[in-house]
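Colleague: I would like to learn how to read a fold from its coordinates. Can we take one model and go feature by feature?

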Amino acid sequence: MQNEVRALLILQDRDRRLLALAKDLEKLPQDEARAKAKLAGDEAALAKAHQALLDCELRVKKIELDAETRRTTIKRLKLQQFETRKNDEFQALGHEIVRYEKDLDDFETKELEAMDEVDTFRNAQKAAEAALSQTRKLVEEDLASIAERHARTQTDRSEVTAEREKLVLLVPEEIIPLYNRLMKTKAGLAIAPLRDGKCEGCHMKLIASTVMKAQTGKEITQCEDCGRILYVEE
Ligand SMILES: [Zn+2]
């Protein structure tokens, strides 16, 4: 293999690594956003559970007030009944008292039911809190690992970049523009092996003279179809 092709292959290897590292770096903010979104979902669920509990507690309070109003009324009616000397008024007040006591009874039943609901909502809130703290722990771990990956990828990138700067000096200057152009247009694969008379970059069969030219290895040979630089594996 020609020395210049060997140098190009090593350069291409580092350039491909740089491309992969750049892709990883690009992905990291998305990973970070995805991790944070998990937290937002659980935070919203907890806020909803908390509001449901508050609403229910408010309902209990309102029922208690309603019940208390009935109790006061009943007390007042009983006093009136005690004080009256008219039989028909006594009877009428008695009916009123029965009606209010039935009302009060209904409110007390409702209050018990609502208090049961408060317990249910309180448990739901506790479950949401536990879920959030679990998620928070996981998300913190995720974010830490993303930050670590970020740092590691950047270190790798500067190391490979430094290495690349030295390697590029080993490639004849006149080939660099062709190589750079192919790297861009051929998705990071500028140099392809020639195998069984075919270019492994585009899998097209090469004409005999191209195969010959690549085999003698005296000058840079390009695939007549995709234009990639060809080399024969040893
Ligand atoms: Zn080709």
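Modeller: Start with one residue pair. Ala-192 has Leu-230 in E3 as its bridge partner. Keep in mind that this is a predicted model.

Colleague: Which strands does that pairing belong to, and how many bridges join E1 to E3?

Modeller: E1 and E3 run parallel, joined by 4 bridges.

Colleague: What should I expect of the side chains along a strand?

Modeller: In a regular strand they alternate between the two faces of the sheet.

Colleague: In what sense do E1 and E2 pair, parallel or antiparallel?

Modeller: Antiparallel, over 2 bridges. Arg-195 has its bridge partner, Lys-198, in E2. The two strands make a hairpin with 2 residues between them.

Colleague: Now the core. What is the general idea?

Modeller: In soluble globular proteins, nonpolar side chains tend to be buried together. Now this case. The largest nonpolar core has 16 residues. Those touching the most other members are Ile-191, Leu-194, Cys-199, Ile-229, Leu-230 and Tyr-231. Helix H1 (3-83), strand E1 (191-195) and strand E3 (229-232) each give two or more residues to this core. The core also draws at least three residues from each of domain 1 (3-171) and domain 2 (176-232).

Colleague: Take Ile-191. Which residues does Ile-191 touch, leaving out those up to four places away in sequence?

Modeller: Ile-191 touches Val-5, Leu-8, Leu-9 and Gln-12, along with Arg-228, Ile-229 and Tyr-231.

Colleague: How far apart are the C-alpha centres of domain 1 and domain 2?

Modeller: The centres lie 59 Å apart. The contact takes 8 residues from domain 1 and 8 residues from domain 2.

Colleague: Let us zoom out. What pattern does the protein chain follow along the sequence?

Modeller: Read along the sequence, the pattern is α-α-α-β-β-α-β. That covers 4 helices and 3 strands.

Colleague: How do I judge the overall shape?

Modeller: Compare the radius of gyration with the value for a globule. A compact globule of 234 residues would have one near 17 Å, whereas this protein chain has 41 Å. Then check the box. The C-alpha atoms fill roughly 130 × 35 × 25 Å along the principal axes.

Colleague: What percentage of the 234 residues count as buried?

Modeller: 13% count as buried.

Colleague: And what share of the contacts with a separation of 6 or more comes from residues 24 or more positions apart?

Modeller: Such residues account for 71% of those contacts in the protein chain.

Terms used:
Residues are numbered from 1 along each chain as its sequence is written. This is a predicted model: local features need pLDDT of at least 70, side-chain atom pairs count only at pLDDT 80 or more; totals for chains, interfaces and linings use all residues. A nonpolar core is a set of buried Ala, Val, Leu, Ile, Met, Phe, Trp, Tyr and Cys residues joined through C-beta atoms within 7 Å. A residue is buried if 20 or more other C-beta atoms lie within 10 Å of its own, exposed if 12 or fewer, and partly exposed in between; C-beta atoms are placed from the backbone. Domain bounds come from an automatic or database domain assignment. Two residues are in contact if their C-beta atoms, placed from the backbone, lie within 7 Å. Two strands pair if DSSP finds at least two bridges between them. The radius of gyration is taken over C-alpha atoms; the globule rule is 2.2 Å times the number of residues to the power 0.38.
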